[in-house]
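Student: Could we go through this model together? I'd like to work from the overall fold to single residues.

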Amino acid sequence: MAEKIRPSEQMLELSEDEALSGEQLDSQVQKAQEQLVQLKRARPLVVLEREAYNAQKRLEQIRSTRESFGQHLELIEAIDPRGWNPTDLHKELSRALSTVEDARTEFSQQRSRLQVTEENAGDVSLPEIGSGPYELNGGRSFVQWMQIGFAFSLPLIILGLIALAIFFWLASRGS
């Protein structure tokens, strides 16, 4: 069974039936070199086309993110506590906090989407979302809050122990 020869190998293979002269050999070498140059040119074009596609996709993501941020910014700037009715203060405050939290959530989602494409492109990452003044836990875990509570209570505990020691010392002297 005859082996299949790839097209590039066909051009480079010399036929045994023909005795090639130096000119024919040079001609075939030149053709092979030209084909090699064409192949080398085709690879960067594919890479450039892929990079252009990725850049276009990233640009579309950035545009949609910018538009979304602009809308959220308009909503946040529209919050005016001076115009709130004092009887509906709680409802207005809840609505304003909800608007801010929606913007924060959208920012986090868009940030995640853009970072996926940045990892491929190697760009500078977006800033982390800061903890807002209205967050319930301030971004801390239970153990951290327990340590903070202990640190604040420690001076009171020491003062209480000193007061108890003085009380027991005075009680024992008085009897």
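The questions and answers below go from the whole chain to its details.

Student: Which element of the protein chain has the highest mean pLDDT?
Tutor: Good place to start, as this is a predicted model. The mean pLDDT of the protein chain is 79, and 75% of its residues reach 70 or more. Among the elements, helix α1 (residues 7–12) has the lowest mean, 52, and the highest, 91, belongs to α4.

Student: In what order do the elements of the protein chain run from the N terminus?
Tutor: The secondary structure comes to 4 helices and 0 strands. Read from the N terminus, the order is therefore α-α-α-α.

Student: How far apart are the end C-alpha atoms of helix α2?
Tutor: Helix α2 covers residues 22–77, which is 56 residues.

Student: What percentage of the residues of the protein chain count as buried?
Tutor: A residue is buried when its relative accessible area is under 20%. In α2, Arg58, Thr65, Ser68 and His72 are buried. For the 175 residues of the chain, the buried share is 11%.

Student: Is Thr99 buried or exposed?
Tutor: Thr99 sits in helix α3 (residues 89–121). Leaving aside neighbours within four places in sequence, Thr99 is in contact with Leu75, Ile76 and Ile79. Its relative accessible area is 19%, and the cut-off is under 20%, so Thr99 counts as buried.

Student: Why are Glu92 and Arg95 separated by about one helical turn?
Tutor: Their side chains meet in a salt bridge, at 3.3 Å from N to O. Glu92 is buried at 18% relative accessible area, whereas Arg95 is partly exposed at 46%. An α-helix has 3.6 residues a turn, so residues three or four places apart point the same way. Glu92 and Arg95 are about one turn apart because their spacing in helix α3 is 3 residues.

Student: Which residue's side chain meets that of Asp80 in a salt bridge?
Tutor: The count of salt bridges comes to 2. Asp80 is partly exposed, at 32% relative accessibility. The side chains meet at 3.1 Å, N to O, and the partner is Arg82.

Student: What is the area of the nonpolar surface patch that includes Ile157?
Tutor: Ile157 lies in helix α4 (residues 142–174) and is partly exposed, with a relative accessible area of 40%. Other members of the patch include Phe150, Leu154, Phe168 and Trp169. The patch has an area of about 1200 Å².

Conventions. Residues are numbered from 1 along each chain as its sequence is written. This is a predicted model: local features need pLDDT of at least 70, side-chain atom pairs count only at pLDDT 80 or more; totals for chains, interfaces and linings use all residues. Side-chain values use heavy atoms; hydrogens and water are left out. Helices (H or I, at least four residues) and strands (E, at least two) are DSSP runs, numbered from the N terminus. Buried means under 20% relative accessible area, exposed over 50%, partly exposed in between (1.4 Å probe, protein chains only). Contact means heavy atoms within 4.5 Å. Patches are made of residues with over 30% relative accessible area and no salt bridge: like charges are joined within 9 Å, nonpolar side chains (Val, Leu, Ile, Met, Phe, Trp, Tyr) within 5 Å. Accessible areas come from the Shrake-Rupley method with a 1.4 Å probe; for residues, only the protein chains shown count as cover. A salt bridge is a side-chain nitrogen of Lys or Arg within 4 Å of a carboxyl oxygen of Asp or Glu. The expected span of a helix is 1.5 Å times one less than its number of residues. pLDDT is the predictor's confidence in each residue, from 0 to 100.
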